[in-house]
Each structure stands twice: as C-alpha cells, then as structure tokens.
Amino acid sequence: MSLNQSGWRPEAPVGDSRGQGAQTATGNRALMLEERLIFEIGSSESCGVDLPAPDPAAPPARLGGLERAAPAGLPGLSEPEAVRHYTRLSRQNYAIDLGLFPLGSCTMKHNPRLNEKVARMPGFADVHPLAPQGAIQGALAVIHELGEWLKALTGMPGVAMSPKAGAHGELCGLLAIRAALDARDDPREVVLVPTSAHGTNPATAAFCGYRVEEIGATADGRVDMTALEARIGPDVAALMITNPNTCGLFERDIHRMAEAIHAAGGFLYCDGANFNAIVGRVRPGDLGVDAMHINLHKTFSTPHGGGGPGSGPVVFSEALAPFAPLPAVRLADGRFHLVEEETQADHGHGQSFGRLAAFHGQMGMFTRALAYILSHGADGLAQVSGDAVLNANYILRCLERELDAPFVASGPCMHEALFSDKGFAEGFSTLDLAKALIDEGFHPMTMYFPLVVHGAMLVEPTETESKAALDQFITALASLARRAREGDPALKSAPHFAPRRRLDETLAARKPRLVWSEE
Ligand SMILES: Cc1ncc(COP(=O)(O)O)c(C=O)c1O
C-alpha cells in the first residue's frame with residue numbers, strides 16, 4: 001500500500017532505459033498525483049454533509065417493506081476530500097484545452113468560449129421541450145436560423161434538425177430515402193458503400209434493413225468508378241459515400257456518381273461529417289447530393305468526445321425534403337411554429353417519415369453552432385476550411401519522408417493526413433508509435449483507420465492549431481518514426497512517463513470491469 005493518500009503506485013516510475021528516475025517515498029511524481037477509486041479512499045465513517053436524523057414520527061411502512069436492510073456501502077468523504085478526489089481525476093484527463101488532439105475523422109478543434117457563453121444563457125439553457133411555443137420564440141428562432149444557415153452552406157432546400165449524432169443523421173437520411181422509394185412504390189434492397197466511406201455508413205444501411213454491397217477503391221484512394229457504374233442498377237436504393245473520404249481525399253468523381261445513381265432511380269447519400277474541409281467553398285447540393293448529415297460537434301465547433309451530446313442535422317434535396325422527419329420549425333406570420341404532426345395543415349411535411357427523436361434536437365449544440373457560424377460569417381467559414389486543409393497538408397509534406405504516406409501522389413489531402421506503418425522495423429507497429437506519442441505529450445492520432453491502409457495513422461490537426469504547435473507535433477512524430485524504423489526497443493514498452501504503462505487493450509475491450517467490487 002502506498003504511503004500516499006492519493007494512491008500513486010509506488011512502483012512507478014520503473015527503471016528502464018527511458019523511465020529511469022529516482023523513486024519517491026510516496027510514489028508521487030512531482031505535483032502530479034494519481035488517484036485511487038473513490039471506494040478505495042472513502043470510508044463509511046466519514047460524511048461530507050449533515051443530514052437530519054430520521055423523523056421518529058414517520059410511518060414505519062412508508063416504503064412498503066422496501067426499506068434498506070443493510071448500509072448502502074457508499075464511500076464517505078469529507079467535502080475537501082471529495083473536492084480533491086475529483087480535481088485530481090480531472091487533471092488526468094487529456095483535453096483539447098490542454099493540447100493538440102490529432103484524432104483523424106474527429107475534427108477536435110477549439111471550442112470558442114463565446115459559444116459557451118451563449119449556450120449558458122438561461123433562456124436557451126433552461127428551455128423546456130414541452131414549453132408553450134409562445135414562450136420559446138427565441139429558442140425556435142435559433143433552431144430555424146441555424147437550419148437556414150445549414151441549407152445555405154450546403155445548397156440544399158430541406159433540413160431536419162432533430163438527429164442527435166452523425167450516425168443518427170445517416171439513419172435519418174436513409175429513412176427519408178426509403179420513404180421516398182415507398183411513396184413511388186419502388187422498394188429496393190441494396191445500398192452501395194465504397195470502402196473509402198466511414199464505418200458508420202454500412203452499419204447504418206444494414207440497420208435500415210438494406211443489403212450492403214461494397215465498392216472498392218482505386219490505387220489513388222478514391223471510389224473505383226468502373227466498379228461502381230457496373231454495379232448501379234434498379235435494385236439500388238442509394239449510394240452512400242463519405243466526401244472528403246476516409247483516406248482524407250476529395251471524391252472528384254462525385255458529379256459522375258450522382259448522375260449514375262440518379263439515372264438508375266436511386267439517391268446519393270453523402271456523409272458530411274468531414275464538412276470542415278469544404279465548408280464555405282463547396283455546396284454539396286451543387287454536386288448532386290440528395291441527403292447529407294452534418295456533425296455540428298465537429299465542423300461547427302461544439303464540444304464532443306467523452307460521451308458529450310452530439311448533433312447531426314440532415315440536409316435534403318428537393319426530391320427528399322418532403323420526407324424529412326418531424327418536428328420542423330416553420331416561420332409564418334412573423335412567428336415560429338413547431339410542426340409536430342404530419343396532419344398539421346399547410347406545412348409541406350405531409351409525407352414525413354415520422355419522428356426520429358422525442359423532442360426537437362440538442363438545444364445546447366444549436367446555440368453553440370449558431371454562435372460559431374455568426375461570429376465567423378460566410379467568409380470566415382471559408383477561411384476555416386482553407387486553414388484546416390493547409391494545416392493537414394503542412395503535416396503531410398513535412399512528414400512524407402519520415403513516414404509512408406500512401407496517397408501522397410493523389411494530390412493534396414483535405415483536412416486530414418494519412419500515414420502507414422510501412423518501413424517500420426520488423427515487429428514494430430502503429431500502436432508502438434501511438435503509445436510513444438503519449439510520452440511526447442500528445443494524444444495519439446486515429447490508428448488502424450481507415451481499414452484500407454495497413455497500420456493506418458490518420459492525423460487531423462484542424463485549423464485551430466498554430467504553426468508552432470504543428471511544428472512541435474511534427475518534430476515528435478518524425479523522431480518516433482525514425483525510432484520505429486530503426487527498431488528502438490524502448491518503443492515497444494511505451495508509454496514510459498504516463499501514469500500507466502502499456503495496458504492490455506484487448507482485455508480492457510473484451511472483458512471490461514465497469515463495476516467496482518471488493519476483491
Ligand atoms: C466521417 C464520419 N461519419 C460519421 C461519423 C459518425 O458521427 P457520430 O459519432 O456523431 O455518430 C463520424 C464520427 O466521427 C465520422 O467521422
């Protein structure tokens with residue numbers, strides 16, 4: 001047992017070539033303290049609050065025989081102990097507010113504090129989904145105005161605001177496609193998904209009951225148009241692409257794809273989670289897209305990761321807009337109205353496929369996203385995508401001689417740079433490099449995704465990183481790439497300076513222990 005109340009394991013740091021250092025009596029490392037579980041530090045004798053004694057006059061059978069027979073076994077802590085416990089835990093979290101978060105496909109960018117301020121205004125933060133419409137005109141105005149912006153930025157005439165995440169938006173889009181096909185009595189069975197699409201795309205199509213058929217990629221990392229055109233036919237409900245795709249490349253043949261699928265009576269779904277690379281420059285509606293979700297929690301700078309709420313509004317083409325889900329916000333006679341039922345007269349949603357969520361969407365995400373859009377303006381958003389793409393290409397070009405970059409010859413990348421483990425010494429992998437990146441003070445990049453690249457490393461810096469931050473990251477990655485090529489054995493056991501050494505990730509994933517038990 002450690003001498004230290006906070007629970008830092010005395011065996012850390014261990015002695016090896018990179019982790020050698022003096023042991024401390026407490027096991028702590030400078031002012032960085034580790035924390036044991038609350039059950040391990042609390043005791044049933046302590047209590048942080050004074051509760052009134054049970055009322056002796058209260059009827060004994062108030063709980064109908066369900067009174068607790070034994071103590072609940074909750075850990076007791078005084079208030080300062082509780083405060084320290086959670087503060088120590090919070091210091092062990094890595095966050096975008098601490099440093100670069102290069103997770104490809106996640107667009108982990110700075111969330112401006114202005115957004116937070118607006119979202120915390122009581123009129124938005126405390127709004128109740130069942131409040132009478134006359135009392136929440138401001139909140140409805142926000143939902144409506146954000147929807148108008150999304151339509152303008154994408155060049156699409158319809159929008160559904162209620163989907164709660166990107167994958168939920170995909171579901172929304174495919175349900176609208178199915179409703180449109182049903183309306184013309186044309187049920188179809190197949191959704192085509194290229195290998196360069198995001199993993200949620202085939203999962204969503206399968207969840208909707210479609211048979212998913214894969215379309216391969218060419219050597220340059222884009223959809224194989226010959227294979228696609230050969231397969232498109234009258235049984236295909238939709239083609240679901242991700243653009244920019246998961247290899248970080250723009251699908252240049254998107255016009256051709258749209259023409260081919262439309263000619264066969266199907267629809268083009270575009271995963272727009274990577275909109276950050278093209279926002280303000282390209283309107284997917286002009287490319288022939290019929291439905292596209294937008295991850296507000298990525299492009300429009302609302303916090304995500306760690307299980308926070310997301311928001312995945314979907315924009316629709318003319319052909320699909322009538323089938324969009326309810327509720328919808330409509331402006332008429334100078335007032336905002338919530339259309340909740342298909343039967344509500346004169347609202348243009350008579351063919352809606354129904355309701356996707358209990359209420360109207362994520363109000364906090366809406367206010368943050370609208371604050372972000374209004375503070376940037378259309379020109380500012382175009383600069384966002386320009387800078388995001390510039391930063392990713394800076395990383396790609398600075399590291400192309402250090403790490404294998406499989407699609408470097410396919411032209412500039414979009415907002416993320418893709419590398420592989422090709423050239424590492426025998427037995428060294430992407431995982432080793434990612435773990436060593438933790439020692440260098442960086443959250444690892446996305447690993448082993450996309451699946452089409454062996455040992456993939458997908459790096460998305462976003463536009464909010466300075467050149468100094470990018471240079472530091474590039475220096476760290478270049479040094480680790482060299483060590484991986486040379487086969488430095490210390491890489492195999494990284495991280496060495498983190499509170500925990502390398503964990504058994506398979507065990508953690510397959511047999512997670514999520515409930516504390518006294519062993
Ligand atoms: C390209 C792409 N599509 C879809 C999704 C799914 O979005 P969500 O995690 O909000 O469901 C993501 C998630 O990051 C993504 O990167």
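This is a short chat about a predicted model of a protein.

Visitor: What should I know before I look?
Guide: Residues are numbered from 1 along each chain as its sequence is written. The model is predicted, so local features need pLDDT of at least 70, side-chain atom pairs count only at pLDDT 80 or more, and totals for chains, interfaces and linings use all residues.

Visitor: OK. Which domains is the protein divided into?
Guide: Domain 1 covers 114-371 and domain 2 covers 378-510. Those bounds come from an automatic or database domain assignment.

Visitor: How many residues of domain 1 are in contact with domain 2?
Guide: 18 residues of domain 1, and they meet 18 residues of domain 2. Contact means that C-beta atoms, placed from the backbone, lie within 7 Å.

Visitor: New topic. What order do the strands of the open sheet have?
Guide: The order is E1-E7-E6-E5-E4-E2-E3, seven strands with mixed pairing. Strands are DSSP runs of E, at least two residues, and helices are runs of H or I, at least four, numbered from the N terminus. Two strands pair if DSSP finds at least two bridges between them.

Visitor: Which are the edge strands?
Guide: E1 (158-160) and E3 (211-215). Each pairs on one side only.

Visitor: How do E1 and E7 pair, parallel or antiparallel?
Guide: Antiparallel, over three bridges. E7 spans residues 314-316. There, Val314 is the bridge partner of Ala160.

Terms used
Contact = placed C-beta atoms within 7 Å.
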